[in-house]
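Q: Please show me how to read the computed features of a protein model, taking each general idea before the case at hand.

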Amino acid sequence: MSTPASTPSSRRGQIMQTYQMAKRSDPRIGLIVMGVFMLGAALGFALMWVLPGDGLLGWIISVVGALMIGLLCALLVFGRRAQRAAYTQMEGQPAAAAGALQMLRRGWKVDPVVGFTKQQDVVHRVVGPPGIVLVGEGSSPSRVKQLLATERKKHERVAYEVPIHEVVCGRGDGEVPLPKLVRHVQKLGRNVKPAEMTDILQRLKALDAQRGKLPLPKGPIPTSMKGMRSQQRGR
């Protein structure tokens with residue numbers, strides 16, 4: 001018999017893996033989450049206690065409400081701090097933007113490293129409601145911009161009527177910091193309908209087929225954010 005796609009044990013394993021990852025750069029995350037849980041539970045108990053219900057029923061409602069509200073508050077704080085820790089650990093790594101872009105949900109297609117230089121400058125491609133978004137990152141802003149311009153010309157040949165956006169991920173002037181990258185991409189507008197994405201992706205396949213196999217940057221592309229996205233979606 002095949003095992004379910006997501007079992008309670010695998011879910012617990014994902015949470016523990018995320019917790020261990022976050023604790024490396026946020027050592028107090030466990031204490032903070034526990035404190036938030038206790039505070040939320042106390043508030044939840046107080047709120048539920050004023051509802052109608054005497055004796056045993058009142059206690060049951062109050063305890064269940066306290067646990068649910070406390071757990072919800074703890075999960076919200078844990079998710080935010082774990083996400084911040086993941087960005088902190090990824091920033092500065094080769095192709096870190098690729099890991100962050102994995103947080104984009106349904107309706108987006110992310111292709112890491114569609115352009116690459118020997119100096120470890122890379123361009124990732126995102127196809128979604130704004131059109132085509134080319135995200136560059138690297139040690140030299142001038143090289144990254146030149147690489148983005150080259151990739152833009154290539155994409156314009158096969159998708160000339162599709163809006164193409166260029167984004168440089170980094171901490172310099174005119175660049176988008178890694179923690180703000182996903183939100184920035186999502187705010188680029190809605191220029192492409194979902195039905196049009198299939199045609200765009202087919203055209204891009206022809207472009208990608210001409211490239212051959214691209215050499216990847218040294219070191220693994222960070223995948224921490226992808227795992228966090230799976231947990232948020234309940235997978």
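Q: What share of the residues in the protein chain is buried?
A: Buried means under 20% relative accessible area, exposed means over 50%, and partly exposed lies in between, with a 1.4 Å probe and protein chains only. In this chain of 235 residues, buried residues make up 37%. The model is predicted: local features need pLDDT of at least 70, side-chain atom pairs count only at pLDDT 80 or more, and totals for chains, interfaces and linings use all residues. Residues are numbered from 1 along each chain as its sequence is written, and side-chain values use heavy atoms, with hydrogens and water left out.

Q: How many helices and strands does the protein chain have, and in what order do the elements run?
A: Helices (H or I, at least four residues) and strands (E, at least two) are DSSP runs numbered from the N terminus. The protein chain has 8 helices and 4 strands. Their order from the N terminus is α-α-α-α-β-β-β-α-β-α-α-α.

Q: How many salt bridges does a search of the whole structure find?
A: A salt bridge is a side-chain nitrogen of Lys or Arg within 4 Å of a carboxyl oxygen of Asp or Glu. The search of the whole structure gives 10 of them. One joins Glu151 to Lys154, with the closest N and O atoms 3.7 Å apart. Both residues belong to helix α5 (residues 141–158) and are 3 residues apart, about one turn of the helix. Glu151 counts as buried at 2% relative accessibility, while Lys154 counts as partly exposed at 29%. Elsewhere, salt bridges that share partners join Lys109, Asp111, Arg125 and Asp208 into one network.

Q: Which parts of the chain does the pair of Asp208 and Arg125 link?
A: The closest N and O atoms of the salt bridge between Asp208 and Arg125 are 2.7 Å apart. The pair links distant parts of the chain, since Asp208 is in helix α7 (residues 194–211) and Arg125 is in strand β2 (residues 122–128), 83 residues apart. Arg125 is buried, with a relative accessible area of 2%, and Asp208 is partly exposed at 27%. Also in the network, Lys109 forms a salt bridge with Asp111, their closest N and O atoms being 2.5 Å apart. Lys109 counts as partly exposed at 34% relative accessibility, and Asp111 as buried at 15%.

Q: Which residues form the nonpolar surface patch, and which form the positive one?
A: Patches are made of residues with over 30% relative accessible area and no salt bridge; like charges are joined within 9 Å, and nonpolar side chains (Val, Leu, Ile, Met, Phe, Trp, Tyr) within 5 Å. Accessible areas come from the Shrake-Rupley method with a 1.4 Å probe; for residues, only the protein chains shown count as cover. Trp49, Trp59, Val63 and Leu67 make a nonpolar patch of about 430 Å². Helix α3 gives the most to this patch, with 3 residues. Trp59, located in helix α3, counts as partly exposed at 48% relative accessibility.

The place of a charge is taken as NZ of Lys, CZ of Arg, CG of Asp or CD of Glu. Arg80, Arg84, Arg183 and Lys187 form this patch. Arg84 is found in helix α3 (residues 55–90) and is exposed, with a relative accessible area of 52%.

How values were computed: Lys, Arg positive; Asp, Glu negative; His and termini not counted.
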